[in-house]
Amino acid sequence: MAERLPRVRLQVVDGFSNALEERLVQGELDLAVINRFGGTALRGEERLAVVPTQVIGPPGAFAPPPAEIAFRQLADLPLVLPSRPNALRTALDQLARQAGIVLKVMVEADSTLTIRDLVRQCGLYSLLPRQMFDDELSAATMSAARLVRPELPRTLALVSGALQADSAAVRAVAHEIRSLVPTPPVRALWC
């Protein structure tokens with residue numbers, strides 16, 4: 001991107017969607033890729049892809065792909081999840097109430113690096129997109145199963161901040177972000 005847009009200065013911020021959305025509203029960010037749960041993005045957001053939510057676990061926890069795990073089975077797993085408020089956590093809490101189960105949340109962590117380490121080293125489980133752990137899954141240092149019955153689709157949405165949404169730089173970076181998402185999404189990467 002730096003070669004194609006040499007006059008654009010990038011600042012990359014990692015965080016969960018709710019924190020990124022707050023920073024967009026405050027004018028601290030121009031663009032963000034956020035998660036929405038369900039098949040659609042909100043009005044004014046651009047849907048980049050819809051990916052299934054995966055249950056990520058320690059090595060060998062699940063059969064080789066395409067492994068699946070029913071939502072009700074989450075009640076038996078020690079989980080590491082983001083703390084509230086968080087869109088994933090809200091969706092999981094709602095599904096758990098509907099299913100009449102209690103999730104066994106052992107640790108709350110607001111860092112994907114911490115979540116990854118706790119899954120890999122402490123035998124915990126989490127629910128995140130597969131592509132976040134592609135290297136670990138390929139190296140078999142973690143395993144994954146697709147969440148089913150019910151599924152919890154995750155919409156990756158591109159959101160612009162209100163202050164700089166129409167600048168040439170923001171439009172150019174948004175175009176670059178769109179080009180990173182395969183069309184249609186490559187199953188091995190996005191599922």
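Glu136 is buried in this predicted model, with a relative accessible area of 10%; buried means under 20% relative accessible area, exposed over 50%, and partly exposed in between, computed with a 1.4 Å probe on protein chains only. Glu136 lies in helix α4 (residues 134-138). Helices (H or I, at least four residues) and strands (E, at least two) are DSSP runs, numbered from the N terminus. The side chain of Glu136 makes a polar contact with that of Arg116, at 3.5 Å. A polar contact is a pair of N or O atoms within 3.5 Å; within protein, one must be able to donate a hydrogen and the other to accept it, and residues adjacent in sequence count only if both atoms are side-chain atoms. When neighbours within four places in sequence are left aside, Glu136 is in contact (heavy atoms within 4.5 Å) with Arg116, Arg120, Thr141 and Met142.

Residues are numbered from 1 along each chain as its sequence is written. As the model is predicted, local features need pLDDT of at least 70 and side-chain atom pairs count only at pLDDT 80 or more, while totals for chains, interfaces and linings use all residues; side-chain values use heavy atoms, with hydrogens and water left out.

Pro59 is found in the loop between β3 and β4. Pro59 is partly exposed, with a relative accessible area of 44%. Apart from neighbours within four places in sequence, the contacts of Pro59 are Ala140, Thr141, Met142 and Ser143. Pro59 and Glu21 are 38 residues apart in sequence, and their C-alpha atoms are 33 Å apart in space.

Rings of Phe, Tyr and Trp (its six-membered ring) pair if their centres lie within 6.5 Å; planes under 30 degrees apart count as stacked, over 60 as edge-to-face and the rest as tilted. By this rule there is one aromatic pair. The pair is formed by Phe62 and Tyr125 and is edge-to-face, with 5.9 Å from centre to centre and 75 degrees between the planes. Phe62 belongs to the loop between β3 (54-57) and β4 (68-70), and Tyr125 to the loop between α3 (112-122) and β7 (126-128), so the pair ties together parts that are 63 residues apart in sequence. Phe62 and Tyr125 are both buried.

Four strands form an open sheet in the order β4-β8-β3-β7, with mixed pairing; two strands pair if DSSP finds at least two bridges between them. β4 and β7 are the edge strands, each pairing on one side only. Strands β3 and β7 run antiparallel and are joined by three bridges. Gln54 stands opposite Leu128 in β7.

Strand β9 also takes part in pairing. β1 and β9 run antiparallel, joined by seven bridges, and Asn35 stands opposite Leu156 in β9. Strand β2 (residues 46-51) pairs with β9 in the antiparallel sense over five bridges, and Val51 stands opposite Arg154 in β9. β9 is mostly covered, as six of its seven residues are buried.

In helix α1 (residues 17-25), the residues Ser17, Leu20 and Leu24 are buried. Seen down the axis of α1, its buried residues fall within an arc of 65 degrees, so they line one face of the helix; the arc is that of the directions from the helix axis to the C-beta atoms. These buried residues pack against β1 (31-37) and β9 (154-160). Just after α1, Gly27 takes a positive phi of about 80 degrees.
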